[in-house]
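Here are my notes for you, as numbered points. Keep the picture open while you read.

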Amino acid sequence: MAESHAIEGSKLTRQFGGFFALKGVDLAVKRGEIRGLIGPNGAGKSTLIDVLSGRAEHRSGTVRMFGTDISAMTAQQRRHAGLARSFQRTNIFPDLTVIDQLDIASRAAEMPNIDEIMAELNLTALAFRRAANISYGDQRRLDLALALIGRPKILLLDEPAAGLSIGESLELAHILKDLAARWGVTVLLVEHDMEVVFSICDRITVLHLGAILAEGTPDQIRGVPEVVTAYLGSSV
Amino acid sequence: MLVQILNGLVYGGLLYIVSVGLVLIFGLRRIVNFAHGSLFMLGAYVGFSVAAMGGFWGALLAAAIVLALVGALLDIAILQPLQREDPIVTVLVTFGLLLILEDFAQFVWGKDFLKSPVPTMFSGSVLIFGESFPVYRLVVIAVAALVALGLSVWLRLSKIGLYVRASSADPLTTAMQGVNTDRVSVIVVALGAALAGISGTISAPLLALSPSMGSYILIESFIVVVVGGLGSFAGAFIAAIVIGQVHNLGLVYVPWAATMIPFLLMVGVLIWRPTGIAGSHV
């Protein structure tokens with residue numbers, strides 16, 4: 001029997017009025033893999049993350065987690081099952097302290113590891129600061145920390161390096177790759193910073209106009225002319 | 001002047017207890033609960049009926065418990081099933097509920113105005129800087145202050161309070177962190193309804209009871225919520241105190257414009273700060 005994938009979307013379709021944000025997308029990510037999901041703005045990357053995490057409903061298709069159909073599960077149930085995600089925007093709870101936010105996220109965790117996460121992401125000194133009063137880079141790390149509480153099995157990250165400097169982005173990428181390897185987390189990473197994506201991803205999926213344009217290892221993706229023309233240019 | 005300011009605090013205190021329930025429900029559900037005024041009215045009638053047998057404290061407890069149950073039912077039977085619908089659907093349904101509850105009150109307690117006596121233990125007046133002021137009105141101010149303090153402590157120090165603050169900022173994301181926001185919602189709507197019930201009961205000796213008494217305070221409570229900043233507890237407190245003063249001083253000094261003043265204040269605040277006094281701060 002073939003090994004089930006950590007997260008798998010089959011024939012996923014999401015429609016806004018007459019516009020199809022996802023057109024029957026098939027995506028399967030192996031256990032322990034770091035998968036990059038790239039594409040131009042409006043390609044459907046965040047929509048796909050929303051559908052996989054249960055934040056948005058899909059019109060048709062199924063979502064499976066380790067072989068089990070989770071399409072009917074709410075976002076909260078998926079979180080309890082070990083599927084965590086981050087968000088494009090930071091500072092979602094600006095009035096709450098760092099530790100209060102991690103406390104909320106730990107509700108879904110069988111083993112709340114707040115101290116461990118704060119240490120891994122250099123947030124310990126900021127524990128009692130309001131999120132609105134910490135730097136943007138720290139807010140980004142807090143966003144990642146919220147998703148990592150309880151050592152999720154699958155992590156969906158929506159542009160975790162957006163707005164960071166080159167140095168901060170690469171540091172975040174290093175932390176992410178290290179944690180994913182040590183904890184055995186499967187990662188689906190949406191990111192516009194190609195240095196981050198090509199440096200840590202095992203495989204990359206390119207989404208364009210709600211459909212998959214290409215899929216392969218970083219080297220294979222670099223060699224797809226349509227991807228280079230439509231999205232990468234000469235940046236990688 | 002001192003008496004007018006104290007009377008303003010009495011009205012502001014009542015407005016705060018009603019409007020903070022609206023703030024709680026709006027923060028979590030992102031809907032404007034038009035039935036909230038009728039919860040205040042029901043609290044007044046329940047308190048009126050129980051006070052004859054159980055005294056003031058019995059009435060207060062009964063109103064809080066009955067209205068909390070009504071609130072829990074409202075959330076489970078109406079707000080939760082409608083949470084995926086367009087917010088206007090919920091607004092219309094709660095408006096319909098307001099009319100139904102008014103008819104229900106008319107059926108049970110009649111159309112005529114009823115007057116609840118001031119509890120014996122709080123009858124009489126005290127002298128404050130040489131001015132006489134009814135003890136019961138001071139009790140109303142004290143109850144409002146206790147509610148504000150208790151709510152603030154609960155929101156800051158309890159786990160549920162933390163979830164309420166998070167849900168008020170972003171309910172969907174809070175749910176995605178693993179918090180059962182439906183359960184939090186039942187608690188919050190029950191608490192908001194209980195506060196409306198308490199407010200109705202303590203206001204009964206000050207106001208004439210009628211099935212439509214909830215509509216008037218509902219409008220001023222909406223003004224409090226908008227002026228304070230939608231979903232802000234601290235903003236609602238400040239706005240309720242200010243509107244209580246404006247309302248009362250207006251009645252004394254410019255009675256011909258008294259009903260307009262809260263609306264003018266709201267327009268002024270919205271031009272100055274479109275997100276209200278407290279903005280998006282919970």
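1. Start where the two chains meet: 22 residues of chain A and 20 residues of chain B take part in the contact, where contact means heavy atoms within 4.5 Å. Keep in mind that this is a predicted model, in which local features need pLDDT of at least 70 and side-chain atom pairs count only at pLDDT 80 or more, while totals for chains, interfaces and linings use all residues. Residues are numbered from 1 along each chain as its sequence is written, chains are lettered from A and ligands numbered from 1 in the order in which they are written, and side-chain values use heavy atoms, with hydrogens and water left out.

2. How much area is buried between chain A and chain B? About 1900 Å², with 57% of it from carbon and sulfur atoms; buried area is the accessible area (1.4 Å probe) that two parts lose on being put together, summed over both. On the chain A side, A:Gln76, A:Phe93 and A:Ile104 lose the most area to chain B, together 29% of what that side buries.

3. Now look at chain B by itself. You'll find ten helices and two strands there, counted as DSSP runs (helices are H or I, at least four residues; strands are E, at least two) and numbered from the N terminus. Read from the N terminus, the order is α-α-α-β-β-α-α-α-α-α-α-α. Its radius of gyration is 18 Å, close to the 19 Å that the globule rule gives for 282 residues, so chain B is as compact as a globular protein of that length. That radius is taken over C-alpha atoms, and the rule is 2.2 Å times the number of residues to the power 0.38.

4. Chain A has another make-up: nine helices and ten strands. A compact globule of 236 residues would have a radius of gyration near 18 Å, and the 17 Å of chain A agrees with that. Along the principal axes, the C-alpha trace of chain A spans about 50 × 40 × 40 Å, while the C-alpha atoms of chain B fill a box of roughly 60 × 45 × 35 Å.

5. What about burial? In chain B, 54% of the 282 residues count as buried, and in chain A 53% of the 236 residues do. Buried means under 20% relative accessible area, exposed over 50%, and partly exposed in between (1.4 Å probe, protein chains only).
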